[in-house]
Structure formats: C-alpha cells, structure tokens
Amino acid sequence: MELNYAEIEAWCKQFWADQQVYKVPNTSVKPKYYVLDMFPYPSGAGLHVGHPLGYIASDIFARYKRMQGHEVLHPMGFDSFGLPAEQYAIQRGIHPEKATNENIARYRAQLDNIGFSYDWDRQVMTSDPSFYKWTQWIFRKLFLHWYDNTKMIARPIEELESIFSAEGNKKIDAAQSSCPAFSSDEWHAYSPKEKSDILMNYRLAYRKEAYVNWCEALGTVLANDEVKDGLSERGGYPVERKPMTQWFLRITAYAQRLLDDLKDVEYSDSMKIMQSNWIGRSTGAQVFFDIDGHNEKLEIYTTRADTIFGATFMVLAPEHDLVSTITTKDQKPSIDQYLVYVKSRSEVDRMSEVKEVTGAFTGAYAINPFNDEKIPIWIGEYVLKDYGTGAIMAVPADDARDMAFAKKFSIPIVEIIDKSMYPGATIEDKLGKMINSDFLNGMEVLDAIEEICVRLEQKGIGTKKINFKMRDANCSRQRYWGEPFPIIYDQDGIAHAMEEKDLPLVLPYLDDVKPVSGKAPLAKLHDWVNLPNGYTRETDTMPGFAGSSWYFLRYMDPHNQEAFAGKEAIQYWQDVDLYVGGTEHAVGHLLYSRFWHKFLFDLGYTFSKEPYKRLLNQGMMQGISESIYLKKEKENGKNVFVSRSMISKGDEDRFITLYVPIQYVQDYGSMKSYLDTEGIKKYITYFPDYTDAIFRTDQGDFTASQFSGEAKLYTQGELAKISKSLYNVINPDDVVAEYGADCLRLFEMFLGPLEQAKPWDTRSIDGVGKFLRRFWASFFNENGLSLSNEQATDEELKILHKGIKKITTDIERYSFNTCVSQCMIMLNELKAMNCNKRAIFEPMVKVLAPFAPFMSEFIWKELGYKTSIHKAEFPLVDEKYLIETSITYPISINGKKRGTADLPANATNQDLEKMALEMEMVKKWLDGSAPKKVIVVQGRMINIVI
RNA sequence: GCGGGUAUGGCGAAAUUGGCAGACGCGCCAGACUUAGGAUCUGGUCCUUCGGGAUGGGGGUUCGAGUCCCUCUACCCGCACCA
C-alpha cells in the first residue's frame, strides 16, 4: 500500500471529527490534566514554522497523558483584542472585527493541518462578548474591592466604607495610593465626590493621573513593555511622557504574594529571577526631614539610612509636589528652565544619550534631624517620581549616581564609610566601618543600618519600609478594539460600576476606528457615551492583557452563561498542569494573570493559589537570512550589485545590504551561498526595480540577461529571526503539503531541545521523512498489511521495552528530540534483524501516536481497530525484558579506557575486580606490580590505578 | 552597568546523578539496484607521526570532568538611573 500523507490526513480529520475524539467533559472520575498553550494573536501574517514549536510539544504531552488515562483539557483560543489586531485593521482599511474573524479562520485552518488534539468546542476569543462579559465582570469586582494588608486578602469596598465611617482611615493598613489621614467625623463631613476620590485611593481598579508613555502616532498610551528603546514595539513610533487620567490595576497590593508564591511553582530559574527582579522588593527606611522655613515635611526612601551623615544634598523628582512650594524666588527661573527641559525630553532622548547628570537647585534646605545641619534640596531627572517617595537623600560618598551629581554641581562629599579593610569591596557593597557619623562611628555598616532605624523610630521621624519596583498596571487604552470599561460617570464625575445584570457592555460598532489625538475612538459615538439620565460612559478600552489574564479559566467551562466558569468545572480542573509558551511573556502576561488568579482566589472563585503549576518555555525558531550588496553610488546611472567575495573587510559601508528570498539562493546558510543565473532571474522578477542593474562577480560584470554559466554572485548568509521583511518566512502549510503533518511535527521536535533557540532549515527535514516511510513500510507491502503473527523473541522484546522506557522518561522531562531519536533507533535495530512481527510493531505504533498522530491513527485502523489510537493505552514497560545477563564494562587504566570486558551482570564488585585483574590487557599494564587502587562502579566501568 | 543563559564534528545535536564523548539525523564519500534519480538499499565519514590527542581558552578538585569550582573570551536574552 502506498503511503499518501494527504489521504491519511484527510481521513483522520474526518474520523476525529466524527468520533469526537478530543472532546472533554467539564468533570470526570478520571484524574485530570490541563495542558495549555499561550493562545496567539491572530495577526494578518498567519503562522510561520516557528509558531507551532510549542504547540507541537504540548500536543505530544497532552496526547501522552490522554493515553495514560487522564482526562486531558487541551484547548486553544485567540487573543483577538488589542493593539496588533487594531493596527493591522487600520493598515488594511478593514474593520477590526472582520479582519480578526478572517485571521482566526486562517489560523484555525493552519492549526488543524498540523493535527493538534484541541477540543475546539472550547475555543475562546477575547473579543467575543460572551467572553469579555466576564473580563468586564472581573474588572468590576476589582473596582469594588480593596486590599487588606493585615489579613493579606481582597475585601469588599463597603467594608472599607464602614471602617471609615466608624474610625476614619488612621488604623487601617491597606494597599493604597497616597491619601491624607482623616477621622470618622471628617469622613461623614465629606461630600460624595470627596468620598469617591478617597475610595479611589484604595480600590484595586482605580483612576489616577499619571505620567504615561504617550505615543502620538498610535494615539494611545503604551505599557512599559510595549515600549522598546523609546519607540513603540508595534510600528516603532516615538513615545513621550505625558500626564493623563488613567485606569490602573493595583497589582502592587499583591507584590509580596506574587514574590512568595514563586517558590510553589515550577518555572525555570531564569523565569523566576526575571519575575522577582521585576517585582523588585527592597527593604529600607522612610525618613521625614524638616524643611527650613516650611511646615511640610520632606519624605524620602532609602535602603541606606546609615549614611545619613554623608547626605550633603537632597534630590526630588522634577514632578515632585513640593517643587513649586519650596522653590525660592531667586531659584525659580533656573528651576522653571530645568522643568521645561525635562518636559521636552522624550524617552528617546533619555535612552539614547550617554548618562549625563542634570539638575537644578531649589534654594530650599532640609534639616538633618541628628545634627541640625542644613542640606540643600535639588531636583534631578535621575530621581523617579513613581519609585519610593520620589525623593532621596543623596550620599555622594557612597552612591555612584549621587557622586556624579555632586561632582557636576560641586557639592561637598563627606566620607562616611572606611572600606580600607575590605580591599575588593565596591561602592555598592554594604561593607566597612562608619566614620564621621556621630553615634554610628566605628560600627559595621549592617549594624549601623539597624541602629539608625531604631533611632529614627525613637525620634518619630522614620520607619522601616519595604518597597517594590513594580508599578501598578496601567489599564487604559485610547483605542477602539478592546473591552469597554463597565464604568459610568455621574454629573459630578464620580465613577460607578455598571450593574452586573447589564453586562456585557458590548463594544459598539464604529466605522472609522482611527484614534483622534488625545481621545479614544469611542468618544466619537455621542449617543453611546451620553446616557439618558445624564451619566456618561468611559470611552477608553482595556489593554491586551485583560482578556489573557484569565482566559485559561474560561476554557474549563466556556459556554457557561451564569459565571465565568461553573464551580464544579473549576473544582475539577483546578489549575494548569503544564503551560507552554515563549519567554517574552515572562513579566507581563504571567504576572498579570497570576495577580488576577490570586484576586479570584481571595474572592473564593478559584481554588488554587497559582494558575500555572509548571511552565515550559520554547526557544525561538530562528531563520537564515541571505543578503546581497548594492553599491551606494550608482555607476553611469546604473545600480551595481557586487559579489560578497569581492568586498574586503572595512569596505562594507560603501554598500547597502538587501535581503534576498532564501529560496533563490544556492547553498543558503553556508559560507559560500550564492545566486546563480536562475536566482538572479527570480530576483529581478520579484524586484523589477533592479532589472537594469549590473551584477559584478569574480567572473566579470553582467546584466541580468547576460548572467549565465559559471558566474556566481556570492551572498551574505546570517542567522536571523523569521520575518517577512527578511524574506525567510516558511508557512507550515507548505511543509505539510510537501512532507506531511507528521513529518513537520517530528522534524520540529527532532531539531533540538525545546527550550533552546534553533535555526530552521527545511533541507534536513528528510531524515524524519525517511524514518516515517520506513516505519510505514514495516507494516505494508503492495498488497496491504504484511505483519507476521509470529511470537516475538526476547531480543525483539528487549528493543521494544528499552525504547518504551526511554521514551516514557524522555516525554516526562520534555526531551522530545531524544524521543524521536529513540524511535529511529528502535526501528533501525528491528530492521537489522528483519523483524516484522505484529507483537512488536503494534505497541510501537502506540508509542509513536503522540508524535505522529495521523499515520499512527491510520495504521491503527488498518490493524483492525474501530476506535481511535489516541484513546488507546500507552504501552507500559515490562522490566523483565530489560534484564541483562552480561554487561560490557569499559576497563580503564588511570582513567583512560584501554579495553572492554563482557562480565556477568550479577557479579559483585569483588568478583568484577578479580576478573578485571585477570585480563591479559590489564596484566600487561600492571607488568607484575600490584595496582594502587581499583575502582568498580556496578554496571558502569572499572578503573585500575597503577 | 546589573541579572540570567549558552559554547561539543562541515551542520542540528546526544551523553538523567561526575563513569566508554560525538547516539540519532543532515551533509559528504564510495558502492548496489536502475533508462533515470532530489527514490530505495549497503558501507564509510573528528584529528593523528598510531604513542595518543580532541567538548570556546587557561587553571583547579577527583581514581575519573562535556558535566563540579576558579578565571578569561565570545555570543544570546532580560532589565535599564529603582535610592
């Protein structure tokens, strides 16, 4: 029987659909296993061969677990809201909804071609009202809750109001924005608007004015991780800082728990480190300084309170509230000038410039509480408004940045730590003895930190404080294609949550979704914005991370109308056992979704502390790029391409490099990749601008039409990312059409370890193709099934069970490349002994089933089975076939292998030593003398030291 | 600058805890079958002065190091004035 991939795949797709092989219930008596992929943005470009890498790995694992008797939840959906989808829609002039639906259809077809075992009945789309109803519902809950730091739990906002009503806010320890203290009486005296403003400081979803990354070209605010090098990640437009009123999520309330609970999850160390650095916990002290001639106190945060006697100046962030109050008349002009300068500085300037110190003096002075010395107060760009208190005490002797500042503005430097006894210590190390520091003199730094904190608390001017680098998440986008906020404003501008029964608030249709500078597109819809009762709607929409922060819960029970997922389903599925995706979401998506999950856990809607038990990151699939050199200057009005072989080092800047579609290039990826006649023809057909160009090669100058024979235009090959602009994108559909889906799956796994970056090169795919053909040929001849029903020999069974064992352990440790190798080894060994026995090959098909689901399913049918192989039981290892009677031991002399010996497997160490010493080879080495030492490792090796 | 990672044939890589380095595959070479081969099959394929030498360089621990420690180099990723 001929192997025909297309027919097999078509048959299997139909069979799986008819039999509903991958359908899972919401609850079951079987043990559950949840295998999740990071769902994709359905971008217009479609999938390239890099995308399925993680999907294939997770699918193999899901299929394996399913065959082991688990109920496996393995869903897929689409992150269809957000900037990329909208940007794409704007570029193409198609409505985002239409574009999104088209893209999803394409993705779905591409995914189905690769044979994933998704339960498509559970597909979610973040842009579907039945989905975002619950995104809005969770946001509403966040708005209606605050975080109790004492109980470490989210609590309803009404409870906070009762506390305010009973005792004001002085006793309460809550996660909050800065808020002045008030008493119960004062609370009662406040107007509704004032009360609302105060509550905003406590809500987990709240509004505040903040400096944001404003991107004029996109007309919207971007998150820090959407900004790269001062440019927008999407489109590469400039980004500047601008104050705006925005919605925020108080993720900082959960900072400590997000940090602590990392110990309970299995992420890679680097992933955990990235997250904990992002959270950025530091222990320090909050200190209040008097300001000379003012009633206000200056509040600073420092991790080095011990250095207070070396604080020769203070620095405020330029945006600090006190700046306008304390600046003296004399200094006002220079401060104003500096503020103008700061405002003019875009992120681009700040990033691209070499660190240059800037600042200005306010004319005001703080008072050192311990020696009453006057400390000048400056403002400077290097102090950040949003970290700590936006103000520092600067200690030039013990901080590199303060030192640079002091030097630039000629501020005195007072040495306060003697590090002479620690020769290798740097300025950052907390080592040395205090000097010039009054009561701290002679103390070690770490002791001095303790001591100063005690003194500060005694004086009532400071306390120990823990700070986090992590900021609250900006949740507003001035965009169309996102979830509308379930928020309305009354005539006083007080924000109210919409009633639960009125959700979802459906995103209204808008013809022209282009942003209008400074205003969200939805603001154009007056009838939608202005409600009959005089209330108005929020016109911003939520960012991409909103839907993706909880989508994995919806998969558990995607059709539920009453809840984001039913209690029974959540109780059964609990959490994600294995989450597979790229590292690019290390700090964004992963932190947000952990935060949302913890919030829902606090409210009793979920039952596990963490959403993802185990995280696996697939490495980037790299491509090969090839480029050719075009002279910057034309010769006689003609473009001249020059062979890479004719360009000497250092000469490159006289040329522009242009990428060439790699399939035009001969030997692409090698050191001697080149364009031949055929390649040149294809190139000028694709880029007709160069029809008249000259191609300069070692064989002489040619026009495209003269180019022939031996002439080679050498190209420059490089390892690069896969990208449209590099003309090296390979569509998995094409690979599937040519080699079959199983071959693509096997090949992607065979390339190397999942977590490593690796280059794609279709040319080496035939290795696994050959394996599949050989595997197929083991079952069939031209007449059909050709297996024998003879009993298997022990030797054959040993090959089988050794393979099962290796593959089982390797799947468990996600080493899929070695699984494929082992399949090849098994087949090679069986072929070598001409085995074609059903007793061996039937279990082998099952082993291969997770990897090559199509071919194995088809063979299974041919073997006479009516139900899917993917519901069959994964073969178990029978150790009795693995028992060895003898082991080939390497015999080493002084650690160098000198020979081998077949020795009985059950021999004791003493026997082994004796047998080894009796060997001729060993006797020769010993030459009559006794060995110094003999090391015997059972089953491994024997080493004789002479 | 800080933090993390990687480095093994011409190429992708293997070597679970320190124990036979290069499994498996690509490519290449030779042969067989063939009208033909981008099909299939078989064999070979690190270097070597045949002692041995090789896992980016140098040093160390050990009977024994790709694996552990120190150090240097190169590349990749993340963060970027975090007080």
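This is a predicted model: local features need pLDDT of at least 70, side-chain atom pairs count only at pLDDT 80 or more; totals for chains, interfaces and linings use all residues.
Residues are numbered from 1 along each chain as its sequence is written, chains are lettered from A and ligands numbered from 1 in the order in which they are written, and side-chain values use heavy atoms, with hydrogens and water left out.

Let me start with the cores. By nonpolar core I mean a set of buried Ala, Val, Leu, Ile, Met, Phe, Trp, Tyr and Cys residues joined through side-chain atoms within 4.5 Å, where buried stands for under 20% relative accessible area, with a 1.4 Å probe and protein chains only. The largest such core has 181 residues, and those with the most contacts inside it are W247, L249, Y551, F775 and F816. Its largest share, 9 residues, comes from helix α2, residues 52–67 (helices are DSSP runs of H or I, at least four residues, and strands are runs of E, at least two, numbered from the N terminus).

Turning to the sheet, 4 strands form an open, antiparallel arrangement in the order β6-β5-β9-β19, where two strands pair if DSSP finds at least two bridges between them. Strand β5 (205–215) is joined to β9 (240–249) by 10 bridges, and to β6 by 3 bridges. Because β6 and β19 stand at the edges with a single partner strand each, one side of each is left without a neighbour in the sheet.

Notes
Buried means under 20% relative accessible area, exposed over 50%, partly exposed in between (1.4 Å probe, protein chains only).
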